[in-house]
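User: I have a structure open and a few questions about it. Can we go through them one at a time?

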Amino acid sequence: MIKPPRKPPQPLLGEADAPLRSRPRRRRDPAQPNLLLDPMPARVDPCLALLKPRPPKGAQWAFEVKWDGYRVAVHIEPSGVRVITRGGHDWTKRFPAIAAEARRLPVSTAILDGEAVVFDEQGRSDFGRLQQSLGGRGGKNASREAVLMAFDLLYFDGHDLTGTELASRRHLLEGLVPAGGEAAIRLSEEIEADGDKLLRIACEHDLEGIIAKDRNSPYRSGRLGDWLKIKCIQSDGFVIIGYEKSAASFGSIGRLLLAARKGSALVYVGGVGTGFNERSASELRQQMDKLKIAKPAVDTGRKRNAVFLEPKLIAEIEYRGWTRDGKLRHASYKGLRDAADITLVYDLSLSLSAI
């Protein structure tokens, strides 16, 4: 018996010559739960840069400019945008331009790590101008001048990137925040250069210094050495534990007495008697007069005409280095830092290890 010929097979999708195409995929609703996605953390403690006297060597190190501002994380969520300070405070309303720009980024969910800064006429980040735009220390103004210099991406469209190496995180960040531009969120660009040469150029342009980052490192919270900071002039936050009176000085402040953290305790690191003007000394004196105590919180040795304070005020101090006995060299007062935004006072042991 002769079998009839078989019918030719039908094409999978319409005409035989037509290309195979899948159905167009609908975009996932970010508000809809999806077990394959990583939960978005409410907050990520920042990776902090370890102070070093010289730039590191090796192909694994990437370099950036060191920005002088407030460290913030920008959380982009289906419910809105949040700008969170290093200390965990919600400053979304204080940085309205950054928040508005974050809403325009082409992403459903993300966490950007960066520095909120205000620039001077030469394009340098200026911490004093940033503080002034926020209404000074303790002020509640909104800074419309502030710009976020974004340098890391910790979460992206439902995926936690903190376990991914820096090179991959940067690749995704550069696709989200393009280089150049004048928007309120800008990319902190990597600079292809020898570290020593870059530091010299940064110092010649009166920048604060540079940051070195290990391209192969995951994002680890704390000061673990994955990121390094090398400064032209060293500057850090120190606790004011008192002052020596002087009738010949602004605000009758002859010299501030300072402390730094060493392990879990505060230790005396000397004083600073320069950098004040009439206005800054008057404002500082008003703050200090509210914190007087009878005995020093830290052993300062014998001091004449000293007034001791509760260790609550954080001073930004520029200095040239350390003496062998752990005191600041050539220190100069630059202003008060917001204590609510500083979770760890400068660690003396880290700097002394560099002497």
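User: Is Phe-276 buried or exposed?

Analyst: This is a predicted model. In it, Phe-276 has a relative accessible area of 14%. Buried means under 20%, so Phe-276 counts as buried.

User: And where in the chain is Phe-276?

Analyst: Phe-276 is in the loop between β13 (265-272) and α5 (278-289). Its ring forms an aromatic pair with Tyr-333.

User: What kind of pair do Phe-276 and Tyr-333 form?

Analyst: The pair is stacked, with 4.8 Å centre to centre and 25° between the planes. Tyr-333 is buried too, at a relative accessible area of 5%.

User: How many aromatic pairs are there in total?

Analyst: The structure holds eight aromatic pairs. One of them is Tyr-70 with Phe-127, where the ring centres are 5.5 Å apart. The planes of Tyr-70 and Phe-127 meet at 75°, so this pair is edge-to-face.

User: Where do Tyr-70 and Phe-127 sit?

Analyst: Tyr-70 is in strand β3 and Phe-127 is in helix α2 (residues 127-133). They are 57 residues apart and link distant parts of the chain. Both Tyr-70 and Phe-127 are buried.

User: Which residues make up the aromatic cluster with Phe-127?

Analyst: Tyr-70, Trp-91, Phe-95 and Phe-127 form one aromatic cluster. Phe-127 also has a charge over its ring: the charged end of Arg-337 sits there, 3.7 Å from the ring centre.

User: Switching to pockets. How much space lies in the largest pocket?

Analyst: The largest pocket holds about 1200 Å³ of space. Its lining has 39 residues, and Phe-127, Gly-128, Gln-131, Lys-334 and Gly-335 lie nearest its centre.

User: Which element gives the most to the lining of the largest pocket?

Analyst: That is α5, with six residues. The elements that each supply at least two residues of this lining are α2, α5, β15 (306-319) and β18. By class, the lining has 10 nonpolar, 14 polar and 15 charged residues.

User: New topic, the open sheet of four strands. What order does it have?

Analyst: The order is β1-β10-β9-β2, with mixed pairing. β1 and β2 (61-65) are at the edges, each with a single partner strand, so one side of each has no neighbour in the sheet.

User: Which way do the pairs run, parallel or antiparallel?

Analyst: In general, strands of a sheet pair through backbone hydrogen bonds, in either sense. Here β1 (residues 50-51) and β10 run parallel and are joined by two bridges. β9 (residues 209-214) and β10 are antiparallel over five bridges. β2 and β9 are also antiparallel, over five bridges.

User: Which residues face each other in those pairs?

Analyst: Leu-50 has Leu-228 in β10 as its bridge partner. Lys-213 has Trp-227 in β10, and Val-65 stands opposite Ile-210 in β9.

User: Why is β10 largely enclosed by the rest of the structure?

Analyst: Five of the five residues of β10 (residues 227-231) are buried, so the strand is largely enclosed. Both faces are covered: Trp-227, Lys-229 and Lys-231 are on one side, and Leu-228 and Ile-230 on the other.

User: Last one, how exposed is Thr-164?

Analyst: Thr-164 is partly exposed, with a relative accessible area of 24%. Thr-164 lies in the loop between β7 (159-160) and α3 (166-176). Thr-164 and Asn-216 are 52 residues apart in sequence, and their C-alpha atoms are 8.5 Å apart in space.

Terms used. Residues numbered from 1 in each chain as written. Predicted model: local features only at pLDDT ≥ 70, side-chain atom pairs only at ≥ 80, totals over all residues. Heavy atoms only, no water. Buried < 20%, exposed > 50% of the residue type's maximum accessible area, 1.4 Å probe, protein only. Pairing = 2+ DSSP bridges. Phe/Tyr/Trp six-rings, centres within 6.5 Å; stacked < 30°, edge-to-face > 60°. Lys NZ or Arg CZ within 6 Å of the ring centre and 35° of its normal. 1 Å grid on protein atoms, 1.4 Å probe; cavity = no way out; pocket = protein on both sides within 12 Å on 5 of 7 lines; lining within 4 Å. Points joined across faces, edges and corners; volume = space filled by probe spheres on them. Nonpolar A, V, L, I, M, F, W, Y, C, P; charged D, E, K, R; others polar.
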